[in-house]
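Group the points by topic.

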Amino acid sequence: MDERQLRILRELGELGSVTAVADALLVTPSAISQQLRLLQRAIPVPLTERQGRRLVLTDAGQALAGAAIEVESALARARHTVEEFLDRPDGEVSVAAFHSAGAAFFPLLLRALAGPDGPVLALGDKDVTQDDFPPLTREYDLVVAHRLDHAPPWPRTVAATPLLSEPLDVAMPADHPLAAKRRLTPRDVADQPWIAVHDGFPIMATIEAIATTAGRRPHLAHRINEFAVAAEVVAAGGGLALMPRWTSRPHPDLVLKPLSGVRARRRIDALHRPERTARRAVRTVLTELRRAARTIQDQGWNADRDAGEEPADGG
C-alpha cells in the first residue's frame, strides 16, 4: 500500500462513491478503481462492499481509512521537517578545496559568512588528482576543484559552477637570467630544471606541453604539489615552476612571467551533486564562492596593471 491508495480509501469513506472521489482528486473513475484493487491485494480482508449502486467501506476499510488520517498527518509533519531543513539559512555546509584554492577562498568565505544567522562552514583541504575530485562530492556539499582549460570536462554525474579561469605563469628567482624577459616561450624554458607536480595532477600536462612544443624532454628535478613549498624551492635555485597567477601567495624573491606558445591556464570550478543545492545554506555558500572568485580575479587584474602587465590570457 502507498500514501495515494490510503488517501483514496479515506476519500471514498467520506464521499461515498468512486465518481465523487475521482472528481475530487482530478483523475478518472477507472484510475480510482485500479488503485483500490491494488490496495485490496495487500489486505487479507475486504475493504469495500456494494450497497445498492454505492461502494462503501467495510469495518476493516473504515479502520484502515482512520489509520490513513494518521499516516497523512505523519507524512505532512515529515515534509514540513524536510522543508524546514532545506530552508534553514544556518545549516552546516561542508566545503573541500585543493591547497592553493583553500588558501585563497577559505578566508574570504569565513569573513563573508561570519554572521550569527549564516551557514556554518566545515572546511577541508583535499589535494587529489583530477579524476578524484568528483567522488569527493559524496563526502562534501561543495568541492572546489581544478583542471586544465583543455582537459576533459567534469562527468555529468556532478554539477559544476565555474569560479575562475586562471593563467599559469613561470616562477623563477628575481635574479634569474630569464627574469628580464616580459614573456617567455617554451624554447626559453625547456632546458631549465623544473619543479613539477606529481603525475595525474592538472599542471603536469602543461609542463609536458612546453617540452613537446620545444621538442625537448623536460628535466623534472623535483616533484612538489604544494605551491608554497615549490616557491621556496624555486627561490633557493632548485629550478622553475608553474604557478597560478592569482591564487598562489606572492613570494618576495620570485617573479612570475607569462608564457606564450602553449595553453597555460586552469579552470577552477565548484562541484556538487545536483540535489545538494536544494538546501538554502548550500546555495548561500555557492553564491559566496562566486563572489570570492570575482574578488580574487579583480585583485589579480589590479596587480597585473600595477606591474605594467596586461590582464591577459596566460598563453
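Arg 10 is partly exposed, with a relative accessible area of 23%, and Glu 14 is exposed at 54%. Here buried means under 20% relative accessible area, exposed means over 50%, and partly exposed lies in between (1.4 Å probe, protein chains only). The model is predicted: local features need pLDDT of at least 70, side-chain atom pairs count only at pLDDT 80 or more, and totals for chains, interfaces and linings use all residues. Residues are numbered from 1 along each chain as its sequence is written, and side-chain values use heavy atoms, with hydrogens and water left out.

- Arg 10 and Glu 14 form a salt bridge, with 3.6 Å between the closest N and O atoms; the term stands for a side-chain nitrogen of Lys or Arg within 4 Å of a carboxyl oxygen of Asp or Glu.
- Both residues belong to helix H1 (residues 3-15), where they are four residues apart, about one turn of the helix.
- Helices (H or I, at least four residues) and strands (E, at least two) are DSSP runs, numbered from the N terminus.

**Pairs between distant parts of the chain**
- Arg 276 and Asp 141 form a salt bridge at 2.7 Å, N to O.
- This pair links distant parts of the chain, 135 residues apart.
- Arg 276 and Asp 141 are both buried.
- Arg 245 pairs with Asp 169 in a salt bridge, the closest N and O atoms being 2.8 Å apart.
- Arg 245 lies in the loop between strands E9 (241-244) and E10 (254-257), and Asp 169 in strand E6 (residues 159-173).
- Arg 245 and Asp 169 are both buried.

**Network and total**
- Salt bridges link Asp 141, Arg 276 and Arg 279 in a network.
- The structure holds eleven salt bridges.
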